[in-house]
Amino acid sequence: MSTHVTRRDAAKVAAAVTLASSSATVGVAQPAQSSDAREVRPPRREFPSGFYWGTGTSSYQIEGAWNEDGKGPSIWDTYAHTPGKIKNGDTGDVANDHYHRYKEDVALLKDIGATAYRFSIGWPRIFPEGVGQANPKGLDFYSRLVDELKAVGIEPFATLYHWDLPQTLQDKYGGWQSKDTAKAFADYAGYMAEQLGDRVKHFFTINEFRSFVEGGYQGFDVQVGGGKTLHLGGAPGLRLSNGELNQVRHHAVLGHGLAVQAIRARGWAGTKVGFAENMRTVVPVMETPECIKAAERATRDLNADFTTVMLEGRYTDDYLKRNGKDAPTFTDDELKTIASPLDFVGVNVYRPNSYVTPSDDPPGYRSIPINASHPKTQSEWHVFDPQCLYWAPHHVQSLWGAKSIFITENGCSASDVVADDGKVYDSDRIMFLRAYLTQLQRATADGVAVNGYFLWSAQDNFEWIYGYGNRFGLIYVDFQTQKRTPKLSASFFRETARRNAVA
Ligand code: GBH
């Protein structure tokens, strides 16, 4: 062993001698001092100043306290309590016990360097029956949470609907199958803007229309490569026909529009409002003008039911034709409401939904299949492609002229474990974040108006039908003891937020 080291050292000395003598011979300076030596700059991928660095969570996924302080049951309480619906029979009854530990959790957000926090308000905490008398204890919880955030300088962003519909509205109206639910949602939204609007300046109406409508009212098939599809579902677990489903979609966007109007009517001056949708993200196969145009067309088309109608105020001809007798029924007035002007557009971006090339035949683009070997993260639906964090906001701006865009969710699950030294080394999450954020930085450098990024999620939490198995957090949670441990990715996030540049 020692002989080996000695021999290597000897070789180094010999090399140095050779260099020195050759430079002496030809009169060339040492490489380190050479004027034509390649200078390597330190990486510098900065975001615009004032960019928000946030994390996100949702009420049912972290709060627990499912039947405390007057909260009414939600459709997710019912669904999770139904045997066989959630992996391992997990429920959100206790979850991260955030309802009782919110102070510790806000302190952790501060520690990991977040400057913004996107949380959701549990509608049945505020209106246990969906409508009627407000529950002061429910309101008080969110009011204390907001105070706690503001006290440490973290900007609160509130989502009004992250899927936990009051069970009463499901029983009474069939949930979003009825316009009455859309109206009740607007009343609740206006009330929240009135109550919290002195301190909360940003509201998101609804989170992921596509997920809760398609997952909850029919179940949906997701392409994951090689022609393989997954069938995913969620509360309330209905299986409606296509025509009925389109009507639910319509009521959901109508609820959004009515909520925007209620927030404007009853909220405080300076309140900003938008939605947070997991748009179908389309990536052009190549960055040629023709291919980018094709990707834009596909984006408008594939999102006709939610994003497009909310930003354009009309269902595209193609959407109506494609759905024929299954198209939703609507009025012109409703379309106007649905497209009520917004202050920003929120997009949740995880994966590409489609890769397109141009086509001479209508509709002007062709979706190519995702390959079987395409890389994925730990979640079975999560096809990995950093480019989608470039293209999603790019399309939103080029198609609809959005002046302000937030990435309301982005992140991945990973097989995190606590190592012997007590740390959590989530190397793959850091790779994921660096790659995706590099593309987001590229978008802002190209002039796309992105004002903030919310990493999903602050903490590991109840991942819907997957229960506690799929961990998305920057902070590891031991669900037996409720101990929180920041992962290595939390250091990456803190450094990124501190420098306002990809770390
Ligand atoms: C978001 O939804 C949720 O807002 C959040 O609550 C959740 O914890 C987080 O992401 C992580 O999953 O996108 O075409 O592949 C994501 C839940 C959305 C994941 C639909 C699967 C399948 C359709 N799901 N998606 S697709």
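Residues are numbered from 1 along each chain as its sequence is written. Because the model is predicted, local features need pLDDT of at least 70 and side-chain atom pairs count only at pLDDT 80 or more, while totals for chains, interfaces and linings use all residues, and side-chain values use heavy atoms, with hydrogens and water left out.

I begin with the helices. Helices (H or I, at least four residues) and strands (E, at least two) are DSSP runs, numbered from the N terminus. Helix α9, residues 209-217, and helix α12, residues 304-312, have axes that come within 10 Å and cross at roughly 140°. Axes are lines fitted to C-alpha atoms, for helices over the stretch in contact, and angles run from 0 to 180 degrees between N-to-C directions. The two helices are therefore oblique to each other; under 35 degrees counts as roughly parallel, over 145 as roughly antiparallel, 65 to 115 as roughly perpendicular and the rest as oblique. On α9, the contact (heavy atoms within 4.5 Å) is made by Phe 209, Arg 210, Val 213 and Glu 214, and on α12 by Asp 305, Phe 306 and Met 310.

I turn now to the sheet. Three strands form an open sheet in the order β8-β10-β11, with mixed pairing; two strands pair if DSSP finds at least two bridges between them. β8 (282-284) and β11 (365-368) stand at the edges with a single partner strand each, so one side of each lacks a neighbour in the sheet. Strand β10, residues 354-358, runs antiparallel to β11 and is joined to β11 by 4 bridges. Val 356 has Ser 367 in β11 as its bridge partner.
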